[in-house]
Amino acid sequence: ALEAKEAGIEFKNVTFKYTPEKTILKNVSFSVPPGKTVALVGPSGSGKSTIMKLLFRFYDVDSGSILVNGVDIKSDITQQSLRSIIGVVPQDTVLFNQTIKYNIQYGRIGAADADIIEAAKGADIHDRIMTFAQQYETTVGERGLRLSGGEKQRVAIARTLLKAPAIILLDEATSALDTHTERNIQESLNKMCVNRTTVVVAHRLSTIINADEILVVKDGEIVERGRHMDL
Ligand code: ATP
Ligand code: MG
């Protein structure tokens, strides 16, 4: 079974295709030691999100293997067990037509209110929630209160903080946020990723500078790797 506290990641010669005609990832190998952060950068369509999807096991690799804590995710653990130790913060968060509270505790029904509030504070969204008439019971999403892109992402960060996963997969938003929101989100993200094994598709220079290793992905291959100052 997986030890939920610390988890290293290893990609070993991974190849993958969505369709038989086109190989998307070619011989991708890298590792992320427990608690470290690897940033994926590269052109649109190069395969960055695909790497994340394979790690969350939306698809299985065609050849090679992906290990989490030394365990092959394709054959040696259940998808459920894998996903229980991974938190995902997508590029564009879609919230459920449910209360803020539901959206934060998603997957952890029965979480203590105090923990939900602590997570919301960590994501810097608590004060905003308290301005709504129904506070944590406010319905959000398509048929409820509309939140901005930055606010939605902070709800996703709060959800991830509450889950406290060993691994975080973060697809940074490309959309421009105002400088103030940007800085707040960045602080929340930094807090979230401290001591957690993180794979981030990075667009922000600050994320790239802070990463322990940067992988440059091009046409499904890692063409360069190193620290920011080396590249
Ligand atoms: P971006 O920076 O634009 O998000 P990316 O590096 O994340 O790009 P991927 O989403 O990994 O790129 O896509 C890599 C390649 O796989 C692209 O050529 C894309 O068209 C293709 N692709 C992605 N998803 C699918 C899918 N579900 N079915 C078929 N092809 C796909
Ligand atoms: Mg992508």
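**Close-up 1. Strands β9 and β10 side by side in a predicted model.** These two strands pair in the antiparallel sense, with five bridges between them. Look for Val 217: its bridge partner in β10 is Ile 222.

**Close-up 2. Strand β3 and its two neighbours.** On one hand, β3 runs parallel to β8 (residues 197–201), joined by four bridges; here Val 38 stands opposite Val 199. On the other hand, four bridges join β3 to β9 (residues 213–218), again in parallel, and Val 41 has Val 216 as its bridge partner.

**Close-up 3. Is β3 buried or exposed?** Five of its five residues (37–41) are buried, so the strand is largely enclosed by the rest of the structure. In a regular strand, side chains alternate between the two faces of the sheet. Here Thr 37, Ala 39 and Val 41 are buried on one side, and Val 38 and Leu 40 are buried on the other.

**Close-up 4. Leu 40 in the largest nonpolar core.** This core has 61 residues, and Leu 40, Ala 158, Leu 169 and Val 199 have the most contacts inside it. Helix α6 (residues 149–163) gives the most to this core, with six residues. Residues that Leu 40 touches include Ile 51, Val 199, Leu 215 and Val 217.

Conventions. Residues are numbered from 1 along each chain as its sequence is written. Chains are lettered from A and ligands numbered from 1 in the order in which they are written. This is a predicted model: local features need pLDDT of at least 70, side-chain atom pairs count only at pLDDT 80 or more; totals for chains, interfaces and linings use all residues. A residue is buried if 20 or more other C-beta atoms lie within 10 Å of its own, exposed if 12 or fewer, and partly exposed in between; C-beta atoms are placed from the backbone. Two strands pair if DSSP finds at least two bridges between them. A nonpolar core is a set of buried Ala, Val, Leu, Ile, Met, Phe, Trp, Tyr and Cys residues joined through C-beta atoms within 7 Å. Two residues are in contact if their C-beta atoms, placed from the backbone, lie within 7 Å. Lists of a residue's contacts leave out its neighbours within four places in sequence.
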